[in-house]
Number of protein chains: 2
Amino acid sequence: MVLYKKISIIGLGLIGSSLARGIKEKNLCEKLVGFDSGPDSQIPIINLNIVDLLELDLVSAVKGADLVILATPVGAYSEIVEKIGSHLKNGATLTDTGSIKEAVFGMLTPHVGDEIHIIPGHPVAGTEQSGPEAGFASLFHDRWAILTPLKTIDSDALANLTKFWQQLGSNVEIMDASHHDKVLAITSHVPHLIAYNIVGTARDLEEVTKSEVIKFSAGGFRDFTRIAASNPTMWRDVFLNNKDAVLEMLGRFSEDLTALQRAIRWGDGEALYDMFEKTRRIRKQIIDAGQEDDVADFGRHQDD
Amino acid sequence: MVLYKKISIIGLGLIGSSLARGIKEKNLCEKLVGFDSGPDSQIPIINLNIVDLLELDLVSAVKGADLVILATPVGAYSEIVEKIGSHLKNGATLTDTGSIKEAVFGMLTPHVGDEIHIIPGHPVAGTEQSGPEAGFASLFHDRWAILTPLKTIDSDALANLTKFWQQLGSNVEIMDASHHDKVLAITSHVPHLIAYNIVGTARDLEEVTKSEVIKFSAGGFRDFTRIAASNPTMWRDVFLNNKDAVLEMLGRFSEDLTALQRAIRWGDGEALYDMFEKTRRIRKQIIDAGQEDDVADFGRHQDD
């Protein structure tokens, strides 16, 4: 028996289309409806055959759905929920996949009645690619899905959404929304920001040409270009909606960087060595925790 | 006919042992001698059978060699060259593999006679792993080897070392040492520094536990832990010896980061989007230039 008879996914980019593929692969519903406002996405979605029905009308897309998943950039939520809020099925669960969580409640609750179970969610998974073609069913395997419900949430609704993510291969963690935003600020948002930033700094140099930056990128730079190739709309919305936590973590990052800069200026080799030695271990722990493949250089030389 | 009858490699870590493997695989000399001062490395080097002879005496290791390659951390060069300088074969070439180049001349020339061809070199290749077991022959395939000779260099000596790197699969670029140090500051040194730094910042947080950082690292953080797992001695020496270029690039990086921070604080979504959109293209150019594999997420999901 399926947990949700009818599921609707709003936004079929990397995350939404991966969800659609995973749901179909595991037969997690009887009817899967998709909606995507991007005219460039609609033909690929139909050709990929990843939903039972691609609705071109947003309100029709959610009607009668037992689970509605928002998988658009977070900045689009308010407008979407304003339109669909009063058309959601009684007792339906409304969730999302955005990288920020505290601001989400404020976007959803004004437009949704008490009979709807709002459970904000965030699968900590992704690639640097975007769009329906970029998705794949195994994206969520062995990754964490974080759910940030209010304490008053219906326990059955929460149990079902937890099972849903587990069926997609994820581990589930329940967390307070504001704590989620701090954890993700340091593990995801600030890393993306500094990756975008170093790529921008390199692009703007006068003394080093862009072709030199590209040619010699194997010295480390190319690693950063991966996450700096992520969806710009999604990331703009993340930073606009997790301002406090990002600014706090960024302040700490800059403070620490200033200390390293000072150690370089004054030739303090011992301080540099101590710092570089300590950070080494954390990668091993990430590999041991199953959150990274145990191969050198991201497996880049596998084909040689 | 080989370019060098006898080659000596001083330091058989990741880079030196990869060189040894490549030289043996392509039969680039008649006799390959290795030296490594690390007691933990000597047994593995013998077991790996990657050199014809592992010399335990530094001076003996370079005697009669036509090419001597320093592949230790840069900070060890002065002491090594002080010992071997007067024992090098007349007409031999002395090169290295360090990530900084301008300071290298100052380390080598005081101890080496005019009859030795000093050609500092830097293969822009590596992984985050260290030691003789971490090396492999294809490490230099399709990567760039930068040589930074003085203008007065013997043209035959330079042509031979160029061919040597090409035989190992590399492209060769001749560059001014001080320009090299600027290019690598932005493409390698500052990226490593900020990777070390973000890992350090994450480790030191009070509000977010280390286990949370590890669990949710797939949001972007884990990418940075790779280069932050690199050899701490090597990187200490890089920063101590490329101070000016690193501090200059770091100044620009911090300036740009402050501008992004300000855009977040003031909610300037347009500035953020513009920045994130521009950086996206550079990854495609790196892939097109053959300096990165064309797979999403570093190929992490290939096994799923």
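Two residues are in contact here if their C-beta atoms, placed from the backbone, lie within 7 Å. Helices (H or I, at least four residues) and strands (E, at least two) are DSSP runs, numbered from the N terminus. This is a predicted model, where local features need pLDDT of at least 70, side-chain atom pairs count only at pLDDT 80 or more, and totals for chains, interfaces and linings use all residues. Residues are numbered from 1 along each chain as its sequence is written, while chains are lettered from A and ligands numbered from 1 in the order in which they are written.

Let's start with how the two chains sit together.

Chain B brings 95 residues to the contact and chain A brings 96 residues. On the side of chain B that touches chain A, at least two residues each come from α7 (177-203), α8 (210-215), α9 (221-227), α10 (232-241), α11 (243-265) and α12 (269-288) of chain B. α7(B) gives the largest share of that side, 19 residues. By type, the side of chain B that touches chain A splits into 47 nonpolar, 24 polar and 24 charged residues. (Ala, Val, Leu, Ile, Met, Phe, Trp, Tyr, Cys and Pro count as nonpolar, Asp, Glu, Lys and Arg as charged, and the others, Gly among them, as polar.)

Zoom in on one pair of helices. The axes of α7 (residues 177-203) of chain A and α12(B) come within 9 Å and cross at roughly 70°; axes are lines fitted to C-alpha atoms, for helices over the stretch in contact, and angles run from 0 to 180 degrees between N-to-C directions. α7(A) and α12(B) are therefore roughly perpendicular to each other, a label for angles of 65 to 115 degrees, with under 35 counted as roughly parallel, over 145 as roughly antiparallel and the rest as oblique. From α7(A), the contact is made by Tyr196(A), Val199(A), Gly200(A) and Arg203(A), and from α12(B) by Met275(B), Phe276(B), Lys278(B), Thr279(B) and Ile282(B).

Next comes α10 (residues 232-241) of chain A. Ten of its ten residues are buried, so α10(A) is largely enclosed by the rest of the structure. (Buried means 20 or more other C-beta atoms within 10 Å of a residue's own, exposed means 12 or fewer, and partly exposed lies in between, with C-beta atoms placed from the backbone.) The buried residues of α10(A) pack against α5 (102-108), α7 and α11 (243-265) of chain A, together with α11 and α12 of chain B.

Finally, the sheets. In chain B, six strands form an open sheet in the order β3-β2-β1-β4-β5-β6, with parallel pairing; two strands pair if DSSP finds at least two bridges between them. β3 (53-54) and β6 (117-119) of chain B are the edge strands, each pairing on one side only. Helix α6 (residues 155-167) of chain B packs on this sheet and touches β5 and β6 of chain B, its direction making about 45° with that of β6(B). Chain A has an open sheet of three strands, ordered β7-β8-β9, with mixed pairing.
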